[in-house]
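Dear colleague,

I am passing on the structure below, and my notes on it follow directly after. Please read them alongside the coordinates.

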Amino acid sequence: MMTLKKTALSLAIILAASTALTACGTSNSGEKEKKGSDASKENVLVVYTARSESLINLVIPNFEKDTGIKVETVVAGTGELQKRVESEKNNPLGDILWAGDETMLSSSKHLFEKYVSPEDVNMQDSFKNKSGYFSPCFADPTVFIVNKNLKGDMKIEGFEDLLKPELKGKIIFGDPTSSSSAFQSLVAMTYAMGKNEDPMSEEAWNYVDKFLKNLDGKMAKSSGQVHKSVADGEYVVGLTWEDPVANYVKNGAPVEVVFPKEGAIFPGESVQIIKGAKKLENAKKFVDYLLSEKVQNDVGTQLTVRPLRKNAKLASYMIPFDKIKLFEKYDEAWVAENKNAITAKFSKHIEKSQD
């Protein structure tokens, strides 16, 4: 059974000749390979993933147990894995890319197989596989992390509250040009404050200017710094994603998750089958498994990642869906197509704020 500690070994196997990979039923020993039948040698799956350790450790061992399919995992950043899939497109060594979302990967859909799982009908309407390539299975919604000890009686319920003079210099935000989570927060901000939920409207970017002024240059060097700095009491509020904040709440830290009252976006963390996957049927089973009722409920009740299946169960430390406002006009495909234009516009407004 594959664990994160065996990632290096998995990587070595994957970089070997494809015939060697096909022959490997497990990553443990040549002796086991020799003893395996021809059928068992085919019962494998290679998963490239950038998901969290807790999510991988919940899903992979159970998938192996429930299906009998052995999984080889390669864990790296989404960008690195995307480049790997591109470089291997003429001879794919992976079967699944469990990383990224439609916003990040839409321009690379030629690298993936079309597949809509039978389980797709059970997903929330906003998170169905509409493209045919990307199956959203979990989400990291945009939220505020608020330090309860520092905020006192101040109300911090939405984007409008972030303009309060008493918060000047006490807000931390990442760089949307280099951080995917900061980019998603920027998108949420512009949808929230734009006229009729138009993220490119004048009203949206007038708000961005005011926000940057109140931010007072407090740009985080990394996405992790945002939530950690607030949890450590260095800032009152940060713009981040739900998973780490819910984890702080779960563990008793003096912080709270705030879904902005104007609205939040749920970038659907998706799973993709790599085009030309050698274990196509196994790959389809993996997609089906991630969307299944069992896995969606397990993730919702045991972890701090949000499941996207209708009526999925949630732990008490997770805010119920009916308490969260989503944008009616949010269009993930549009955001994907206009990502460069949005970040370029933000860069101009950053320069303007520093004049």
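The protein chain averages a pLDDT of 87, and 88% of the residues score at least 70. Over residues 1-40 pLDDT stays under 50, and for these the model has 65 contacts beyond four places in sequence, a contact being heavy atoms within 4.5 Å. Where pLDDT is low, the predicted coordinates should not be read in detail.

This is a predicted model, in which local features need pLDDT of at least 70 and side-chain atom pairs count only at pLDDT 80 or more, while totals for chains, interfaces and linings use all residues. Residues are numbered from 1 along each chain as its sequence is written, and side-chain values use heavy atoms, with hydrogens and water left out.

Six strands form an open sheet of mixed pairing in the order β2-β1-β3-β9-β4-β10, two strands being paired if DSSP finds at least two bridges between them. Because β2 (70-75) and β10 (306-307) stand at the edges, each with a single partner strand, one side of each is left without a neighbour in the sheet. Strands β4 (residues 135-139) and β9 (residues 268-273) run antiparallel and are joined by four bridges, with Ser 135 standing opposite Val 271 in β9. Helix α6 (residues 78-87) packs on the sheet, touching β1 (44-49), β2 and β3 (96-98), and its direction makes about 130 degrees with that of β1; axes are lines fitted to C-alpha atoms, for helices over the stretch in contact, and angles run from 0 to 180 degrees between N-to-C directions. Helix α14 (residues 293-302) also packs on the sheet, where α14 touches β4 and β10 and its direction makes about 20 degrees with that of β4.

In helix α12 (residues 242-250), Glu 242, Asp 243, Pro 244, Val 245 and Ala 246 are buried, that is, under 20% relative accessible area with a 1.4 Å probe and protein chains only. The cover over the buried residues of α12 includes β5 (142-147), α11 (223-231), β7 (237-241), β8 (255-258) and β10.

Ser 201 lies in the loop between α9 (180-193) and α10 (202-215), and is buried, with a relative accessible area of 8%. Leaving aside neighbours within four places in sequence, Ser 201 is in contact with Gly 194 and Lys 195.

Best regards

Technical notes
Helix = DSSP H or I, 4+ residues; strand = E, 2+ residues; numbered from the N terminus. Buried < 20%, exposed > 50% of the residue type's maximum accessible area, 1.4 Å probe, protein only. pLDDT = per-residue confidence, 0-100.
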